[in-house]
Amino acid sequence: MSVSTIEAFASQVAIASLNTYQKRLSPHKGFSCPHRLLHGGESCSDYIKRQLINQNLLTAIQMAPQRFKACKIAAQTLQSQRAESGCIVIPCCIPI
């Protein structure tokens with residue numbers, strides 16, 4: 001099996017995993033992507049999925065931590081804005 005075939009398969013698996021997350025888990029987790037809430041546009045999962053579709057796998061993997069850091073900052077910004085109201089904002093991604 002060639003490297004490009006393995007990479008294409010890995011990208012397809014990652015996209016399928018994100019689709020499953022978005023359809024089965026995300027609607028039930030009780031919060032939305034802070035980056036999307038603060039800045040509008042796409043959620044982190046949509047962003048990563050788009051990168052997997054439009055870029056090669058390595059580029060998408062390299063871009064993910066930058067987006068997750070931006071999401072963490074968005075969560076902190078929203079938390080500080082909502083501190084008065086008692087709302088809790090949870091980052092949608094792993095701590096970075």
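Helix axes are here lines fitted to C-alpha atoms over the stretch in contact, with angles running from 0 to 180 degrees between N-to-C directions. In this predicted model, the axis of helix 3 (residues 44-54) comes within 9 Å of the axis of helix 4 (residues 57-82), and the two cross at roughly 160°. Because angles over 145 degrees count as roughly antiparallel, helix 3 is roughly antiparallel to helix 4. The crossing in which helix 3 passes helix 4 is right-handed.

The residues that meet across this pair are set out below.

| Helix | Residues in the contact |
|---|---|
| Helix 3 | C44, Y47, I48, Q51 and L52 |
| Helix 4 | L57, A60, M63, A64, R67, F68 and C71 |

By class, the residues of this contact comprise ten nonpolar, one polar and one charged.

Burial in helix 3 takes in C44, S45, Y47, I48, K49, Q51 and L52, and the cover over the buried residues of this helix includes helix 1, helix 2 (34-39) and helix 4. An α-helix has 3.6 residues a turn, so residues three or four places apart point the same way.

The largest nonpolar core is made up of eight residues, namely I15, L18, Y47, I48, L52, L57, A60 and A64, and at least two of the residues in this core are supplied by each of helix 1 (3-25), helix 3 and helix 4.

How values were computed: Residues numbered from 1 in each chain as written. Predicted model: local features only at pLDDT ≥ 70, side-chain atom pairs only at ≥ 80, totals over all residues. Heavy atoms only, no water. Helix = DSSP H or I, 4+ residues; strand = E, 2+ residues; numbered from the N terminus. Parallel < 35°, antiparallel > 145°, perpendicular 65-115°, else oblique. Left-handed = near helix turned anticlockwise from the far one by under 90°. Contact = heavy atoms within 4.5 Å. Nonpolar A, V, L, I, M, F, W, Y, C, P; charged D, E, K, R; others polar. Core = buried A, V, L, I, M, F, W, Y, C linked by side-chain atoms within 4.5 Å. Buried < 20%, exposed > 50% of the residue type's maximum accessible area, 1.4 Å probe, protein only.
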